[in-house]
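Please work through each task before reading its solution.

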Amino acid sequence: MVKNNENDNEKTKAKTKDRDPLPKIYADGLWNSNPVLIMLLGLCPALAVTSSGLNGLAMGVATIFVLVMANLAVSILRGIIPAKMRIPSFIVIIATFVTVIDLLMEAYANDLHGQLGIFIPLIVVNCIILGRAEAFAYKKSVWKSFNDGLAMGVGFTLALVAMGVIREIFGNNSVFGYNIFGEDFNNVLFMILPPGAFLTLGYLLALSHYINNKRAERKKA
Amino acid sequence: MAAQKKDVLILVLIATFSGLLLSGTYILTKKDIAKAKIEKQKKALKAVMPFLGNNPYEKIVYKYQENTINIFTVTENENFLGAALELKTKKGYSGWIVFYLGVDADGKVTGMYITESKETPGLGDKAKDKKWWGQFVGKSKEDFIFKVEKDKGDVVSITASTITSRAITNASDQGLDLYKDFLANGAKTNVVEAQDGKK
């Protein structure tokens, strides 16, 4: 029995190695396990900064940078970092890259930096980044981890931009700052306020699950 | 014991590399951050003082009653044209609001520019729009009461953002009082420190 189990384990190990081709990594990041819509990770920034499309995009891009760099660093160091010390090590690595992007944005995108304010430093505690370091980069090759960081980051960004654009359209009558419905449109102000964030997220979650269910049904049929 | 030593050693190593990377980035961006801050200030000064042009401006730290603020005075051929007041208030909806108020030599407001605020987007944040602060322009303490309508003044509040409107209006009011005192008593008294704004 024991021997059989070991064999099974080895088999599954071999399988998981083959299970991460690039298309799957990207499909996972963008849709199948989208950080916001499916895994429900990183909801704090998703709810807090998406009051406009541009804010969502900027937050997403900052997160992509941190995710990719943290995944790379963790993957490169995965042979050195002892299992016991991995969480503190990850946090140090993540915090370093967050501070780097914080400084870079303050120097080269000052206005945006002012608008995102406290949420840039708070990327440190975004659970997607620690989650990907722990679940993916600590176990997989550098190249795959890089792609995983990029895919997850882009998926996160898309979700944030979607939320930002929806809230901006209803709450501020504009898309990326461009007015769309003319002056007479009555803004639904609360869409830009925290309740609007929860509502938008709820509808997006419902929509993505609806689509997934339909797809599953079609596969069955 | 050996394993523990190794654990600590590796964490120390990682932290050291992080420190190096951070100090590198800091050195790299230090100049640009300072530059961006100055640019921001220049942009604000230009926005609130249409008369600024290429005239030299001077930063004066001025004290009146409990308030100490920075005044950027503009002179053209030794004629005093007006100034920008750098005002701060903590009475907004969330945290500090920092803004510049341009005033000409007669005490009339020429513009407003908010450089820092964490007011609610879509509500208090609208104070940044000229649609709102435009009502200050051309007004002075003589013909305009710098209080929101709820406080029996002339300032129309932003819908659903009386707190933000009141904070900015009251800070402007105090700033204009200070400016009046500054004009009356000249730059002779109460100047804490004067500094040339030119490069």
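**Exercise 1.** At what angle do α4(A) and α5(A) pack, and how many Å apart are their axes?

*Solution.* Step 1: in this predicted model, local features need pLDDT of at least 70, side-chain atom pairs count only at pLDDT 80 or more, and totals for chains, interfaces and linings use all residues. Residues are numbered from 1 along each chain as its sequence is written, while chains are lettered from A and ligands numbered from 1 in the order in which they are written.

Step 1: the axes of α4(A) and α5(A) are 9 Å apart, at an angle of about 145 degrees. Axes are lines fitted to C-alpha atoms, for helices over the stretch in contact, and angles run from 0 to 180 degrees between N-to-C directions. Helices (H or I, at least four residues) are DSSP runs, numbered from the N terminus.

Step 2: The contact of α4(A) with α5(A) comprises 14 nonpolar residues, no polar and no charged; Ala, Val, Leu, Ile, Met, Phe, Trp, Tyr, Cys and Pro count as nonpolar, Asp, Glu, Lys and Arg as charged, and the others, Gly among them, as polar.

**Exercise 2.** Which residues have the most contacts inside the largest nonpolar core?

*Solution.* Step 1: such a core is a set of buried Ala, Val, Leu, Ile, Met, Phe, Trp, Tyr and Cys residues joined through C-beta atoms within 7 Å, where buried requires 20 or more other C-beta atoms within 10 Å of the residue's own, all placed from the backbone.

Step 1: A:V66, A:A70, A:F97 and A:A159 have the most contacts inside this core of 49 residues. Helices α4 (53-76) and α5 (86-108) of chain A are among those that each supply at least two of its residues.

Step 2: A:F97 touches A:V66, A:M69 and A:A70, leaving aside residues up to four places away in sequence.

Definitions and conventions: A residue is buried if 20 or more other C-beta atoms lie within 10 Å of its own, exposed if 12 or fewer, and partly exposed in between; C-beta atoms are placed from the backbone. Two residues are in contact if their C-beta atoms, placed from the backbone, lie within 7 Å.
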